[in-house]
Amino acid sequence: MTATGREHFWESASVVDLATVRAARRAAGIRIRQATLADIPKLVEIHREGMPDDFMVRLGSVFQRKVLFPAMIQSEDTCVYVAEHRFGVGGFLITREGYGGVVTQLLSSRPVWFPVSCLHGALTHPSILPQMWGVLAQLKSRNAEPEDCASAELFLMAVAKWARREGLGQALVQHSARQLRTRGARTYRVLFHSMNVPADRLYEHTGFTKERVLCFAGQTWRQREMDLRGTSGTAVVGEGMGRDSEGGSVPSEREACAHRKVTA
Ligand SMILES: CC(C)(COP(=O)(O)OP(=O)(O)OC[C@H]1O[C@@H](n2cnc3c(N)ncnc32)[C@H](O)[C@@H]1OP(=O)(O)O)[C@@H](O)C(=O)NCCC(=O)NCCS
């Protein structure tokens, strides 16, 4: 090999190695686990900082602390995962099985607190009303769809600013997809604001390949879907980031529905 050839070889090898080493190092420093009630203050902080304009944030920190996060952590239908990093909890992700929607769930699990928080939010911040209208439009559209036990949604996700671009978001998505797949979910979908480029890139990157544009109350949203059994989903799901090594056979849709009924 000539000197130039060798230089070229080392150059390209180091590019490949650097990317692999970077990805491995990022994944190795991340631990994903289920959230507990003790994590709530941190989750509230990350949610407020990461998504200041989110409807649930605008309902206030009391709503987040007393209604939203406790309901999400305690419900059988939702799972809250946190990503720990060298400086502590840096991000979280919430999944929900079935397409019924979290708003419906909050209404049934917190029938007083949820409407009271919405009323309080509307009275103290009237600018929240168009968002509330959008949420109602989404709810109406969801209710028109048949509830599907084999479907799941990524309801909410945020990574603290100091922890971004370190792989936490990717590790959270991959871990949640593996967990859902193990429990028999076939599709995983996510709805987000169409202007949210970082989220769009992350979802595309992690296997949410199917895309649809939706409009609710004059606002454009993007819905992405991952086939948990298909090549795009399994390729990502099987990559093995984070610490989840749970395997096991994938139960049938019927078994998964029966399991949820028993645990509910
Ligand atoms: C979207 C969000 C969760 C990404 O989290 P993250 O931990 O920074 O993402 P990762 O480091 O795992 O990034 C994985 C890949 O996603 C893409 N990505 C993430 N952030 C990006 C950005 N700002 N611009 C472009 N691509 C981005 C990249 O492809 C990235 O891979 P790379 O770093 O190797 O290039 C984070 O930016 C966030 O919390 N945003 C505010 C809340 C939000 O929008 N939530 C989603 C809607 S529910």
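## The β6–β7 hairpin

Let's start with a turn: strands β6 and β7 make a hairpin with two residues between them, and Ala 217 in that turn has a positive phi of about 45 degrees. Please bear in mind that this is a predicted model, in which local features need pLDDT of at least 70, side-chain atom pairs count only at pLDDT 80 or more, and totals for chains, interfaces and linings use all residues. Residue numbers start from 1 along each chain as its sequence is written.

Helices (H or I, at least four residues) and strands (E, at least two) are DSSP runs, numbered from the N terminus. Strands count as paired if DSSP finds at least two bridges between them. Strand β6 (residues 210-216) pairs with β7 in the antiparallel sense over seven bridges. One place to look is Cys 215, whose bridge partner in β7 is Thr 220.

## The other partner of β7

Strand β7 (residues 219-227) also runs antiparallel to strand β5 (residues 187-193), and seven bridges join the two. On this side, Phe 192 stands opposite Arg 222 in β7.

Leu 214 is found in strand β6. A residue is called buried if 20 or more other C-beta atoms lie within 10 Å of its own, exposed if 12 or fewer, and partly exposed in between, with C-beta atoms placed from the backbone. Leu 214 counts as partly exposed because it has 14 C-beta neighbours inside 10 Å. Contact is defined by C-beta atoms, placed from the backbone, that lie within 7 Å. Leaving aside neighbours within four places in sequence, Leu 214 is in contact with Trp 221 and Gln 223.

Trp 133 sits in helix α7 (residues 129-143). With 14 C-beta neighbours inside 10 Å, Trp 133 is also partly exposed. Trp 133 and Gly 218 are 85 residues apart along the chain, yet their C-alpha atoms are separated by 9.8 Å.

Phe 114, Ser 117 and Gly 121 are buried in α6. They cover an arc of only 65 degrees around the axis, so they lie on the same side of α6. That arc is taken from the directions from the helix axis to the C-beta atoms. An α-helix has 3.6 residues a turn, so residues three or four places apart point the same way. The buried residues of α6 pack against α3 (55-58), α4 (61-74) and α5 (102-109). Turned away from the buried side is a face with the exposed residues Pro 115, Leu 119 and Leu 123.

## Around the ligand

The ligand is surrounded by 22 residues, the closest being Arg 164, Gly 169, Gln 170, Pro 198 and Arg 201. The elements that give two or more residues to this shell are β4 (151-159), α8 (168-182) and α9 (197-205), and α9 gives the most, with six residues.

## The whole chain

The protein chain has 11 helices and seven strands. Of its 264 residues, 31% are buried. Among contacts between residues at least 6 apart in sequence, 77% join residues at least 24 apart.

Key
A residue is near a molecule or strand if its C-beta atom, placed from the backbone, lies within 6 Å of it. Two residues are in contact if their C-beta atoms, placed from the backbone, lie within 7 Å.
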